[in-house]
Amino acid sequence: TDILLPSGSDFLHHISSGNSHACALDEESHGYCWGSNALNQSLRDLDDDAITRPTRVPTPDRSYEPGTLEPTRSVHEKWAQIVTGVNHSCGLSHRGYVYCWGQNDSLQLGWLDQDENIEQDPDFSAIRLPANMMDERIHHLSAGANHTCALSFAGELLCWGNNSKVQARPGSEDAEARVPPLPSVINFPNDVTSFERLWTGPNST
């Protein structure tokens with residue numbers, strides 16, 4: 001089926017598809033999503049259960065420094081990447097911040113409230129990184145079925161969300177244990193100092 005392009009866009013790229021929704025970027029780094037929206041996985045502020053054509057994903061109106069809940073200043077972000085899980089989506093801004101929306105039953109949004117969707121975060125805040133990474137920025141995202149991972153410019157790998165197959169926290173003694181809502185840094189093997197690429201499967205990283 002041909003996708004009707006948004007007005008003013010010549011093409012879409014970096015397409016990512018979830019269970020029943022999809023997202024992509026256009027040539028101006030605007031984000032678009034379409035498909036099921038029953039859990040706000042396509043557009044967080046739209047009440048429609050289904051979006052029949054690519055619709056612009058609003059960018060955050062305010063920037064939140066990782067590790068804080070205080071806005072630093074008003075910004076107009078553009079998207080560098082949008083990835084999709086089964087029923088959630090995460091976007092990476094050009095400034096290296098991560099924002100997620102949609103279903104949160106496995107904490108795949110990186111937020112403490114284990115609710116169905118992101119309605120508990122009306123300010124659309126950036127994911128908070130660990131305290132020792134306050135000055136880090138993210139340059140690549142990948143989403144599994146119900147977990148999300150990010151790679152920093154320094155080569156550090158972080159994951160959060162479902163860990164039933166040890167996909168978000170390798171080496172966990174309890175495979176069923178959920179990763180804390182704050183992204184957790186993955187410990188490297190002794191002979192590895194950093195990662196360069198990141199891929200996730202439905203239940204693997």
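How many residues are in the hairpin that joins S1 to S2? I found three. The model is predicted: local features need pLDDT of at least 70, side-chain atom pairs count only at pLDDT 80 or more, and totals for chains, interfaces and linings use all residues. Residues are numbered from 1 along each chain as its sequence is written, and side-chain values use heavy atoms, with hydrogens and water left out.

Entry on pairing. I took strands as DSSP runs of E of at least two residues, numbered from the N terminus, and counted two as paired if DSSP finds at least two bridges between them. S1 (residues 12-17) pairs with S2 in the antiparallel sense over four bridges; Ser16 has Cys23 as its bridge partner in S2. S2 and S3 (residues 31-36) are antiparallel too, with five bridges, and His21 stands opposite Gly35 in S3. Four residues lie between S2 and S3 in their hairpin, where Ser29 in the turn has a positive phi of about 65°.

Entry on burial. I used buried for under 20% relative accessible area (1.4 Å probe, protein chains only). Six of the six residues of S2 (residues 21-26) are buried, so the strand is largely enclosed by the rest of the structure. His21, Cys23 and Leu25 cover one side, and Ala22, Ala24 and Asp26 the other; all are buried.

Entry on contacts. I set contact at heavy atoms within 4.5 Å. Leaving out residues up to four places away in sequence, Ile82 touches, among others, Ser16, Cys23, Leu25 and Trp101.

Methods: Buried means under 20% relative accessible area, exposed over 50%, partly exposed in between (1.4 Å probe, protein chains only).
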